[in-house]
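Hi,

Here is the structure I promised to pass on. My notes on it follow below, and I hope they are of use to you.

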Amino acid sequence: DEIGLIPCPEARYNRSPIVLVENKLGVESWCVKFLLPYVHNKLLLYRQRKQWLNKDELIDITCTLLLLNPDFTTAWNVRKELILSGTLNPLKDLHLGKLALTKFPKSPETWIHRRWVLQQLIQENSLPSLATKGNLGAAPMERIHRLVQEEMNVCSEAAGRYPSNYNAWSHRIWVLQHLAKLTVKVLLDELSSTKYWVSMHVSDHSGFHYRQFLLNSLIRGTVTDNNILVQNQMVNEQNPSLQKGEESAGTEAACAEEQSVDLPRRLDEEMELCAELIDNYPGHETLWCHSDETLNNSHQSPATSHMTQAMDVDGLNESSSKQGYTQETKRLKRAPVQDSLGPEMEYQFVDKVLSTCRDVDQARFATAYRKWLVTFLGQ
Amino acid sequence: RSAYCAASVASLTNILTPTLFAGTAEWIARCQNWEGGIGGVPGMEAHGGYTFCGVAALVILKQEHLLNLRSLLHWVTGRQMRFEGGFQGRCNKLVDGCYSFWQAGLLPLLHRALHARGDPALSMAHWMFDQLALQEYILLCCQCPAGGLLDKPGKSRDFYHTCYCLSGLAIAQHFGSGDLHNEVVLGIPENCLQATHPVYNIAPEKVARAVMHFLQYPVPSLDPAS
């Protein structure tokens, strides 16, 4: 379940450099300078049609190569060919990738190949005829669910191995968009399962960005502006998941569990999480950034959306193509919000931080946040 | 990243047609997120490298106004580190010499876009970042004694960091907008580099020459007979 390099500059004994202990695979470092060029050369000769390799040899050689250097695209591509010809089980590549990521948690090519494999697996899963939509058996759904859960684990592990692991979190978002179809249940599950993780990684901007993604998906799936609300109701009354082209094939949408979302409460909970972390861990810009954006979203929630139409959009004229994803980047000048205690509590929170903190960065973030509160909320 | 490479190549070689980039500008705009910066694909975290590529591609496609320029400006200016003077690639990360170009390089692009819409508040002598502080970081912290430049002290040199530290230094030293030019050079005058083109990151004269050269040839068509 894990690979690693054992620092060992000289071969002292005449024995194999491979060490296997408690399911961890180690390679003594002295052998890499012999092994890597050897397998690399063998693969290149095969690709140049100068030396034939049979399927088993190809699988072994690419496996060795990728455990030493998973960013070697050609090796992954050879495995793509083996998968397409039916010789290699795609699940093996998921396992190989997972192993490579224990040592190379950022490896872009590993994540890219992983997405290709997952796409192959969903295509195998989907039924050819549209007439069967809604009549899928339990097995394919269950399979996809298990795949999704496994991907969440792999991402979480990789995120823990390298701070702000952009590629791991990007992959996680991709899996939700393309495999899990962004159903309400999935979004809420992910919010709860990442809560502990982000509390343990308070500077991990990627982790908090993921939570923004989850919250934004919940918001967009229910109400952002009247256009989208109407569209959802007309197209699919049951399912709040996104219907946008590249995010949802819609095939399994009908089977998604229904769960209503108490959005204001979720956003309040997020604010509480931020406040607690900011108190406990002074001086982390990510937390303030996250708090800022969450508060912004909670003031564009359904309860206050009727006010948005009358208000000016601050600043630039934007083209109407900027709906959807970037809704949240608009700042609205608005009258004081009457239906929420949010602002009052925020002022109290910030003033408390300012009066008690001794960390210079914390003071700076709090001051900036306070200025933003005044400007944005106009109170 | 790919969109920028394509736009850069196509525009320099005069093969840019509306069909080639149909929908591209709108897609790039969708990569701008709540932070104000731009991610690799829609939904991703804002990132200096992707933000530069996205904005530069939109400048080439003349569609930079699809972006929320204000939130972008807010995001990128927030990425200059107040202690180090260099730039970080994303919120709450460490400074890195290569972002001297990816991030600081956004300010000339933004200046141009805001100027085009007649913004009265633009400076006539400076970019909207601390040019001297960036130069200090690059010159004092990013040079390898044996030659070449690097990410931050303690890292080893490589060609990528050498390229982008130097590119960032050039951006920080040269302000230019229309006929206005202003040089801000930290240290001795010999520190001054040649200016670089903020979209293509090659010398402005080279951009001009490439464009002139390829304008001589017609835009290739998809007609097999030709």
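A:Tyr196 sits in helix α8 (residues 184–200) of chain A, where helices are DSSP runs of H or I with at least four residues, numbered from the N terminus. This is a predicted model, in which local features need pLDDT of at least 70, side-chain atom pairs count only at pLDDT 80 or more, and totals for chains, interfaces and linings use all residues. Residues are numbered from 1 along each chain as its sequence is written, chains are lettered from A and ligands numbered from 1 in the order in which they are written, and side-chain values use heavy atoms, with hydrogens and water left out.

A:Tyr196 counts as exposed because its relative accessibility is 60% (buried means under 20% relative accessible area, exposed over 50%, partly exposed in between; 1.4 Å probe, protein chains only).

Now for the salt bridges (a side-chain nitrogen of Lys or Arg within 4 Å of a carboxyl oxygen of Asp or Glu). The whole structure has 21 of them over all chains. In one, A:Arg211 pairs with A:Glu270, with the closest N and O atoms 2.7 Å apart. That pair links distant parts of the chain, 59 residues apart: A:Arg211 is in helix α9 (residues 205–222) and A:Glu270 in helix α11 of chain A. A:Arg211 is buried at 3% relative accessible area, and A:Glu270 is buried at 3% too.

In another, A:Glu157 and A:Arg161 have their closest N and O atoms 3.4 Å apart. They are about one helical turn apart because four residues separate them in helix α6 (residues 138–161) of chain A.

Best wishes

Note on methods: Helices (H or I, at least four residues) and strands (E, at least two) are DSSP runs, numbered from the N terminus.
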